[in-house]
Amino acid sequence: MFDVVYAILINFFVLTAIGIGPTLILLTDDQRLSKAIVIAPTLGFVFTTIAGIYLIKLDIPVIKWAYPWLIISVGVSLVLSITAFRLEKIRLDLIEKRWLLIYMLGLIGAILMIVLPMIKGGAAYSVSVLRTNIWDSIDYVALAGYLDHEPYTWGLRASDKALLDKHPLYIMARDLMSNRWSISATMGWSARIANIPLIRFDWGFTLLFFIIAFGPAFLLASDMRISPVLAIFIALIITTGFWGTIILDMRAMSQISSIPLIMLIGWLITTTAKNKPFMVKGNILLLSVTLAALFISYAEIIPMAAMGIGVFCGVLYLRNYLTVSGIIGYLLAVVLGIIFLLPDFYHLKDFLFAQVNSANSQNLKDWETDWFPFLFNKDAWVGAWGMSFLMSTKSILSHYLIKALSILLTFIMLYSISFSFTKKQAPITNLSISSFAFAALAQFVYLLSIGGRWQAAKGLSYGYPFLILTVVSIWPYLADVTKHKWYRERLLISIIKFGVLIWIAIQCLFGVYHIFEAPSGKIYFNPDEPYKKLQRSPQSDYSKLEMASFSSVLSQTHHKTMWLAVPDIWVAEYLALFFGWDLKLINLYGMSHFDLQSRAIFSNLSNPPLPDYMIVDKQSWWNYQKTAISVIAENAAGLLLLKPEPIFWQKPVLLRINRTDKIEHDTQRVPRLRLGKYQTLMSLYSPRNGELIFHVDFFENPIMPRKLLITRNSKKMSDIYERYFLVETNTTKVSIGVKKGLNQIELKVLGNEKSPLVLGLKELEVSEKTESFAKLIMVYKIQNHNGLETVEGEPFFWIGKGDTEIRLLSSIHGTAEISAEFFGGPSLPEKPYRRLLVLTDRDYESEIVILKNGHLAIPFPVRKGENRIILRPLDKPTVDVHPNGDTRPLLVGVKGMVVKLNNSMNDNNSN
């Protein structure tokens, strides 16, 4: 982890070097050197973000501009710093040395508290993208890798195949480019200048923002006229307290990047108002670039920021402190910010409106019980103030004390906001803090009123630094206890001060507690159900997924080909991000967690180049001990790095068995799969076209004969191949047509799914009948207005409500037949027979009379390619409502329908 800490510190000092010169020139303040040192890292990030948006829009990948921007920006900053000294804008005799020393000590303490959980966590943090919100982590890293290596517009116009040929996750990166991408670009730049792999720097890059947020938080707290020591503790609460940890675990990287920016905006509007806006043009310029960077980084926070600035200016105007010209000064900052955004303004505007519309829509996501349960339960007051972790204690007394403290903090916050708005003697800093806190609360109440509980909680989290600051902002203005005549007044003020100090201590202790809890991998938000299944506990194999053993082997293998065949898509994507930039890497099961099925690699790369290396999982790669293959590395996650010899690919190879449950093995390492309850997907390689025969042993004999459906999937319907087998004996051979190259096979049992069918897969071999694709017919769609059902494990539907349309594919011209059990339905009880009209899109028409219930075959002509068959009822129902309340017209029931060709290839049929 020390390489990540080194990368964090390198970036912190580089951003400081970039921001210090412009800040010294532009900032209007007697203590500009001290203040510039504190906010320089944040402004360094601001300038890099804005420069990055221009360079990316010019189609220059990060790899090409990373070092030139570093050299130019630091050089310009150095020149501006020297210029500031020569213009005597900096007076060393005015530096508050004690204040600056306290800040430095506090910064060192903050850095230690922020990075120590990662260092102490060790294995639990080593693969951060597999620790908490896997989805967003991989998204950001994938997009960062794309912007680091490729021109921006190429991904928007390239085909799926072109993207796949470059990297298995580029399709996912393209999906994200229409949303937000500036933070990923900055992440690519930060990793590049620190010379650390992107996937390795994922967690550290996020921690970097909490470190640079410490300065603006300390500056705002200091301006509230509290002691610098107390300001240090407030800044620690904002960066290492409960709220910050929640957002960190959620991997809300763009939101985290907005924390230093929104606090810097709060301080800039304050210091600008103190010096009159038109008199401090440098401050206006700094405010404009910071607003632009905030919009670029996290557009969703703009409504809250705009409301906060508007309330601040409005109150000052009503107090006659701010004139019309002053308001124009702030409007000028907004206009300049929009000008800085021009390269991407319309995209950002559209994205912001889309986010606002989503928050206001009636179809709101209801994630509050999963993501923000501490805000929507009986202890909501406790959760809002970051003390819900204390409620796990069994002491009832402590529970009541914590609840009482939470209510007290809420009262103090509301009183502070009211005090700032109504009392003219309230300092401007208090007003700016209260304005943003009020905006966050108003946003929360509005979204909550329209039913957006999750959105409301998310909106509240935008303003959490200001909610924290408002609690302490009233501190200097509490009258001295000794000056109060009435005992109850002195008691109330003492309770308020004591309560605030206790809360500050609890939040700081939480940061320390987090350090000691880090090895357990504990997270402080509850992911919703899909995410829960993806979490990696510190005891799991994948939390220990270190790539050192593989990296040493692959350090000299550029331009080689590697296949990934691992059972977990998230691990596969992690590995793709780790190795995909240096190798021709092929992920055998999809490229994106957004749309895995439709983007299966088998539809895009059916005959890929054979690999020089393979990374597989020991559990799913059950026959890795075969000859002609060597294990050259492995790690704690149970993964193997293999090097197959050419002879290895002369026979079919089962690459992976993908299961949602655990695969069992017998003593000979033959996998046992319990079919029926779970879907089973297998990926395999075949050296040629033909029928692939599976030698299968069935264990735990089924109670009744079962149908085994084997399907070879494909994106193109004409390539889908299906076979049914009736399982009646312990040992049999089943086969499926395969194509040369990669194939995806699905195994499914039809019938009683509660009683699983257990089978074991043995050797694979290819038959000599390579013409097995020659004659095939299959159904790929049935459209029936009465719906599709299953009866006794067989497909079933009722004809009666309009036409029933059957679409099928045939590989030849000829005659086919629909074979099924037909029987009369209850909607026409007075007639013993039923009439159907059979039509095709080949101008064929025939009337069929069903005289009795039972099996019937209906012939019809087919042509090669797609065919459409219509079954039209000719009778009219006489019963409108059945005894069970069913109002559907049920004229003809069709059970177990099979379509087959009327020739010697009858074994190639489809349901």
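Phe823 is partly exposed, with a relative accessible area of 23%, whereas Phe796 is buried at 5%. Here buried means under 20% relative accessible area, exposed means over 50%, and partly exposed lies in between, calculated with a 1.4 Å probe on protein chains only. This is a predicted model, in which local features need a pLDDT of at least 70 and side-chain atom pairs count only at pLDDT 80 or more, while totals for chains, interfaces and linings use all residues. Residues are numbered from 1 along each chain as its sequence is written, and side-chain values use heavy atoms, with hydrogens and water left out.

A pair of aromatic rings is described by the distance of the centres and the angle of the planes. Rings of Phe, Tyr and Trp (its six-membered ring) pair if their centres lie within 6.5 Å; planes under 30 degrees apart count as stacked, over 60 as edge-to-face and the rest as tilted. The structure holds 32 aromatic pairs. In one of them, Tyr146 and Trp154 are stacked, at 6.3 Å centre to centre and with 10° between the planes. Tyr146 is buried, with a relative accessible area of 0%, and Trp154 is buried as well, at 18%. The rings of Phe796 and Phe823 are also stacked, because their centres are 5.9 Å apart and their planes stand at 15°. This second pair links distant parts of the chain, since Phe796 belongs to strand E18 (residues 794–799) and Phe823 to strand E20 (residues 814–824), 27 residues apart. Elsewhere, ring pairs join Phe45, Phe201, Phe205 and Phe209 into a cluster.

A charge sits over a ring if NZ of Lys or CZ of Arg is within 6 Å of the ring centre and within 35 degrees of the ring normal. Lys403 likewise lies over the face of Tyr400, at 5.9 Å from the ring centre.

Two strands pair if DSSP finds at least two bridges between them. Five strands form an open sheet in the order E17-E18-E25-E20-E23, with antiparallel pairing. Strand E17 (788–791) and strand E23 (854–862) stand at the edges with a single partner strand each, so one side of each is left without a neighbour in the sheet. Within this sheet, eight bridges join E20 to strand E25 (residues 892–901), and Ala816 has Leu901 in E25 as its bridge partner.

Strand E21 (residues 834–840) is largely enclosed by the rest of the structure, because six of its seven residues are buried. Six bridges join E21 to the antiparallel strand E22 (residues 845–850), where Leu839 stands opposite Glu845. The hairpin of E21 and E22 has four residues between the strands, and Asp843 takes a positive phi near 65° in this hairpin. Five bridges join E21 to strand E24 (residues 865–873), again antiparallel; in E24, Arg872 is the bridge partner of Leu837.

Helix H6 (residues 134–149) has 16 residues and reaches 23 Å from its first C-alpha to its last, close to the expected 22 Å. The expected span is 1.5 Å times one less than the number of residues. H6 is mostly covered, with 13 of its 16 residues buried.

Technical notes:
Helix = DSSP H or I, 4+ residues; strand = E, 2+ residues; numbered from the N terminus.
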